[in-house]
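I opened a new page for this entry.

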Amino acid sequence: GHTTVFAAEVAEKKREEATAATQPSQKLVDTTRELLVVIEKRQQESRVASQAALGELDTAEARLHCAITDKFTQLRKTARDLAQARDTAIEEALHTTTAHLGQLTTAVKLLASISNERDDQRVLD
């Protein structure tokens, strides 16, 4: 009897130890939970940081787009202004040339009339 009871207690004790060895300790479970909480928190922080970075990128992209658009608008205006200045310069040059041609024509007519008067004078002489 006594040996059998002792053997049964030893067997029960071994079974408990085997069960305890195969099941995780409460400390391990708690540590794992804490780690999972920390990981989830880090993932959340990472998502927030990623969203913030994407927002900053979107803002920078929008600013760049505006700057490029403004620069193109400025270049188009400069090109229009230069074309207008060129056209004005050509018109002024044509006007001046026409005026000079008019003066030259008048001078040629004057010379011709002077020459004719001399010819008439020679004929009279």
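How many salt bridges does the count come to? I noted first that the model is predicted. The count comes to 6 salt bridges. I wrote up some of them below.

**Entry 1: arginine 15 and glutamate 12**

I looked up the pair in helix 1, which covers residues 2-22. The side chains of arginine 15 and glutamate 12 form a salt bridge, with 2.9 Å from N to O. The two residues are 3 apart in the helix, about one turn. I then checked the cover of glutamate 12: its relative accessibility is 36%, so I put it down as partly exposed.

**Entry 2: aspartate 30 and arginine 33**

Next I went to helix 2, residues 26-124. Here aspartate 30 and arginine 33 meet through their side chains in a salt bridge, and I read 3.8 Å from N to O. A salt bridge needs the nitrogen within 4 Å of the carboxyl oxygen, and the pair is listed at 3.8 Å. Aspartate 30 and arginine 33 are separated by about one helical turn, because they are 3 residues apart in helix 2.

Is arginine 33 buried or exposed? Its relative accessibility is 53%, and the cut-off for exposed is over 50%, so arginine 33 counts as exposed.

**Entry 3: glutamate 40 and arginine 47**

I also looked up glutamate 40 and arginine 47, whose side chains meet in a salt bridge at 3.3 Å, N to O. Glutamate 40 has 40% relative accessibility and counts as partly exposed. Arginine 47, at 41%, is likewise partly exposed.

**Entry 4: overall form**

What does the secondary structure come to? I have 2 helices and 0 strands for the protein. The radius of gyration is 53 Å, well over the 14 Å that the globule rule gives for 125 residues, so the protein is more spread out than a compact globule. I also took down the box filled by the C-alpha atoms, which is roughly 180 × 15 × 10 Å along the principal axes.

**Entry 5: surface and charge**

I asked what share of the residues counts as buried. The figure is 0% of the 125 residues. The protein exposes about 11500 Å², and carbon and sulfur atoms supply 62% of that area.

Last, I looked at the charges. There are 17 positive and 20 negative charges, and their mean positions lie 5 Å apart.

Conventions
Residues numbered from 1 in each chain as written. Predicted model: local features only at pLDDT ≥ 70, side-chain atom pairs only at ≥ 80, totals over all residues. Heavy atoms only, no water. Helix = DSSP H or I, 4+ residues; strand = E, 2+ residues; numbered from the N terminus. Buried < 20%, exposed > 50% of the residue type's maximum accessible area, 1.4 Å probe, protein only. Rg over C-alpha atoms; globule rule 2.2 N^0.38 Å. Areas by Shrake-Rupley, 256 points an atom, 1.4 Å probe, with all protein chains shown as cover. Lys, Arg positive; Asp, Glu negative; His and termini not counted. Charge placed at Lys NZ, Arg CZ, Asp CG, Glu CD.
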